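Biologist: Could we go through this structure together, starting with how its strands are arranged?

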Amino acid sequence: MIQVMIAAPHSGSGKTAVACALLRALQKRGYGPCAFKCGPDYIDPMFHRAVLGVESRNLDLFLSDEARVREIFARGCSGHGAAVCEGVMGYYDGLGGVSDRASSWHVADTLGLPTVLVMPARGAGLTLAAQLRGLVTFRENSRIAGVILNECPGRLCETLAPAIERETGIAVLGCLPRMEEARFESRHLGLRTAAEIDDLSQRLDAMASELEKHLDWERFLRLCARENPTGETAFDNSGCAVIRLGYANDKAFNFTYAETLETLRAFGAELVPFSPLSDERLPEQIGGLYLPGGYPELFARELSMNCSMRESIKSAVQNGLPTVAECGGFLYLGEALCDAEGNEYPMVGALPGTAANAGRLVRFGYETLCAEADSMLFRAGERVPAHEFHYWDATACGGGLRAEKGSRSWRCGFVSDTLYAAFPHLYFAGRPELARRFVDAARRCGGMT
């Protein structure tokens, strides 16, 4: 099986463009590839799914332990001939940017993956070899097997490759020339989502065609050949009654980990998608409600205008329907939400507070949630890893949990026997007991809507 980590010296090097081009090219060659993303990012996996038409999974060594990451990787690889894992930030950049924990290198080392570095070649020559040598020697086993030069014309690659290989001993596998098709527009939480790019399929085809021309496939395939991964386990849900869970899934709410949905299903959940933008009310006979993150601030007016849905959700939450609402879903449950222009719109009103653009990332990054009392998801004394990534902040963030990040701590979240609503994103695949508790609470509710 072909297995590879696509990483880079720093963000903005072109990892997503090269990973997507490689996935498309492998697909055309009949490898039936699968995809993974290091870290907690939601948007890059959307691009992988757009290439493949299958799910892309996250691999995160802060939100999960090493054994669980191996299980997720092995399960995702099952039935595929190639696996491409896209890295995060710089290759060794882990927690806080000052540790290699949860870095791309940490994931590659945990899974035994060969790494192909994407190195931007514009305005550089032999200095690339010096940078590469430093990256290779920074850890005893760097896992770096090859390099792809990005935004590099084919003729320049032919000139640079021998010099880089002579100085470092690392194979220059080829290049991806500078292409307008490979430039994806960003917004405040990263790239625009794949669904927002009308000509994405044609752009990916063009990128794959260029990579096909300029990649030494024989060397690439030889360097990245590995035994099929092992470590897959399955949850035993035999005898569990199936319970329907409604989950928001539309343009406003789409930050959902594939592994979160898989874990909920593993404990007996039948997942029922619905749209807070266009549906009139919640699905019938659901025992629980999942409101993931997304971009509700971009659709505040449309969400507000759907009064019947807002009333349906408010009634359900206030009447005790087990509910998990993360980040954007949490904002939706509040009293009001301001859009990017500062216009304020009424939201569900099941929780207090108004949310507006803070003009900067707020409480960004990994954190640990500390529970001081039992609730639907947490047990007193538990410490659960989580992640925040948002520009909008709320006037009422709750105080049911204590969040810790280094020497800092703060209160956050609305929690009860039937509710988790807060900015921090949870990763059910890394802590499956949270998913089990949510499904159990829904099962006890019995489909009240």
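Modeller: Two strands count as paired if DSSP finds at least two bridges between them. Please keep in mind that this is a predicted model. On that basis, there is an open sheet of 6 strands in the order β12-β10-β13-β15-β25-β24, with mixed pairing.

Biologist: Which strands stand at the edges?

Modeller: The edge positions belong to β12 (269–274) and β24 (414–416). Each has a single partner strand, so one side of each is left without a neighbour in the sheet. From one strand to the next, the twist averages 15 degrees.

Biologist: How many bridges join β24 to β25?

Modeller: There are 3 bridges between β24 and β25 (residues 419–422), and the two strands run antiparallel. Within this pairing, Ser-416 has Leu-419 of β25 as its bridge partner.

Biologist: What about helix α13, where does it lie?

Modeller: Helix α13 (residues 432–445) lies across β10 (243–248), β12, β13 (288–291) and β15 (323–326). Its direction makes an angle of about 115 degrees with β10.

Biologist: Let us change topic to α11. Which of its residues are buried?

Modeller: In α11, the buried residues are Met-309, Arg-310, Ile-313, Ala-316 and Val-317. Viewed down the helix axis, the buried residues of α11 fall within an arc of 135 degrees, so they line one face of the helix.

Biologist: And what do they pack against?

Modeller: They pack against β12, β13, α10 (300–305), β15, α12 (328–333) and β17 (344–346). Just after α11 comes Gly-320, which takes a positive phi of about 95 degrees.

Biologist: What does Leu-59 touch?

Modeller: Leaving aside residues up to four places away in sequence, the contacts of Leu-59 include Phe-36, Val-69, Ile-72, Phe-73 and Leu-111.

Biologist: One last item: is β20 enclosed or open?

Modeller: Strand β20 (residues 383–388) has 5 of its 6 residues buried, so it is largely enclosed by the rest of the structure. β20 pairs with β19 (residues 365–370) in the antiparallel sense over 6 bridges, and Thr-368 stands opposite Pro-385 in β20.

Methods:
Residues numbered from 1 in each chain as written. Predicted model: local features only at pLDDT ≥ 70, side-chain atom pairs only at ≥ 80, totals over all residues. Heavy atoms only, no water. Contact = heavy atoms within 4.5 Å. Buried < 20%, exposed > 50% of the residue type's maximum accessible area, 1.4 Å probe, protein only. Helix = DSSP H or I, 4+ residues; strand = E, 2+ residues; numbered from the N terminus. Axes fitted to C-alpha atoms, helices over the stretch in contact; angles between N-to-C directions. Arc of directions from axis to C-beta.
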